[in-house]
Amino acid sequence: MKIGVIGAGAWGTALAQVAAHGRRPVRLWARDPAVAEAINTTHANPLYLPNIALSPSIEAVSDPAAMAEMDALLVVTPAQAVAAVLATMPVGPKPLVLCSKGIEAGTRRLVGEVARAIHPDAPIAVLSGPTFAYEVAAGLPTAVTLACEEPELRKALSARLAAPHFRPYATDDVTGAEIGGAIKNVLAIGCGVVEGAGLGQNARAALIARGFAEMTRFGLARGGRAETLAGLSGLGDLVLTCSSTASRNFSLGVGLGQGRSAVELLADRRTVAEGAFTAPVLRQAAAEAGVDMPVCEAVCRLLEGAAVGEVIGALLARPLKAEGQ
Ligand SMILES: NC(=O)C1=CN([C@@H]2O[C@H](COP(=O)(O)OP(=O)(O)OC[C@H]3O[C@@H](n4cnc5c(N)ncnc54)[C@H](O)[C@@H]3O)[C@@H](O)[C@H]2O)C=CC1
Ligand SMILES: O=C(CO)COP(=O)(O)O
């Protein structure tokens with residue numbers, strides 16, 4: 001199975017490295033021809049994944065037409081760019097493996113729904129889990145969820161993408177896998193705020209646990225399964241991203257917690273912090289689904305510039321409730 005990867009940021013490049021394990025040929029599409037050129041000539045992606053020597057069997061291209069020869073395409077652009085980029089790609093009946101984490105602003109579509117609308121003949125899979133790109137590219141042990149409704153394709157993709165340090169776990173719950181990855185980014189911003197404002201480890205653990213309850217409520221309402229939300233793509237990724245400044249979302253939250261504005265923090269960065277885009281659309285989607293998500297709502301308010309003390313105070317002052325609610 002010839003693998004093409006769409007998007008040569010940190011995660012697309014790391015996944016190309018996984019798929020190139022054993023010197024298997026992989027084609028990596030970069031929007032920026034200079035990034036493609038750097039990968040082909042230096043076998044490195046200094047802009048997005050510095051200090052990693054890439055496999056020489058990764059060939060970078062910047063012409064979408066070059067992806068026509070591939071058998072399956074991994075989609076790894078920021079979630080808000082998936083529709084525009086997929087519209088330029090020669091997909092047809094090729095499987096699309098969605099690796100972006102987010103919900104589309106305006107339409108409130110999960111990335112899988114975006115892909116199905118643009119390429120209705122392409123079977124869909126989702127690859128998601130606790131995966132800092134640098135660690136994966138460096139060959140550190142990593143496990144992911146690989147979700148696909150078609151059993152034969154699920155098996156073939158798992159076999160093709162598995163590597164000695166990279167272990168996919170299969171499920172048919174595509175929606176559950178997508179929702180965990182999208183919502184954990186919003187919650188990671190919240191955990192970063194707790195860190196940046198010095199609110200303590202108790203608060204961080206409470207936010208992870210209550211945030212997971214929100215993720216589960218929303219995921220179930222949208223048709224995902226509890227076991228998937230409690231798995232690698234849900235709870236697993238939530239714990240990872242809520243624990244480390246290696247996360248861009250967590251780091252954004254740290255800045256907010258230190259009193260800087262979201263506008264200033266986002267203007268400062270070249271790489272994507274998906275939670276900042278997912279939070280406002282998640283607020284709308286939760287209202288539409290009738291799901292109460294007070295932690296995610298608090299993150300929205302913090303991104304809009306509300307003061308940390310006021311937002312945390314309001315969260316804690318809500319009427320007391322049972323833990324299972
Ligand atoms: N970095 C990581 O550790 C992981 C990232 N992800 C997800 O993968 C997706 C991509 O993230 P990264 O590779 O880390 O991002 P990045 O910030 O490292 O790179 C983004 C890439 O997308 C390209 N891009 C940006 N805007 C674009 C547009 N409008 N059209 C086409 N291309 C565009 C950039 O040129 C760059 O190649 C995100 O949804 C992220 O949540 C998932 C797992 C791990
Ligand atoms: O999705 C990720 C890890 O699984 C990467 O998290 P950040 O986008 O917050 O860096």
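## The shell around ligand 1

By class, the residues around ligand 1 in this predicted model comprise 14 nonpolar, 8 polar and 4 charged ones. Here Ala, Val, Leu, Ile, Met, Phe, Trp, Tyr, Cys and Pro count as nonpolar, Asp, Glu, Lys and Arg as charged, and the others, Gly among them, as polar. This is a predicted model, in which local features need pLDDT of at least 70, side-chain atom pairs count only at pLDDT 80 or more, and totals for chains, interfaces and linings use all residues. Residues are numbered from 1 along each chain as its sequence is written, while chains are lettered from A and ligands numbered from 1 in the order in which they are written.

The shell holds 26 residues, each with its C-beta atom, placed from the backbone, within 6 Å of the ligand. The closest are Gly9, Trp11, Ala81, Ala133 and Thr271. Two or more residues come from each of α1 (10–19) and α3 (82–87), and α1 gives the most, with 3 residues. Helices (H or I, at least four residues) and strands (E, at least two) are DSSP runs, numbered from the N terminus. Ligand 1 lies between domain 1 (3–172) and domain 2 (181–316), because both give residues to its shell; the domain bounds come from an automatic or database assignment.

An unreviewed UniProt entry places the feature "binding site" at positions including Arg31 and Tyr48; such annotations may be inferred rather than shown by experiment.

| Residue | C-beta neighbours within 10 Å | Class |
|---|---|---|
| Arg31 | 16 | partly exposed |

A residue is buried with 20 or more other C-beta atoms within 10 Å of its own, exposed with 12 or fewer, and partly exposed in between. Arg31 lies in the loop between β2 (26–29) and α2 (33–42).
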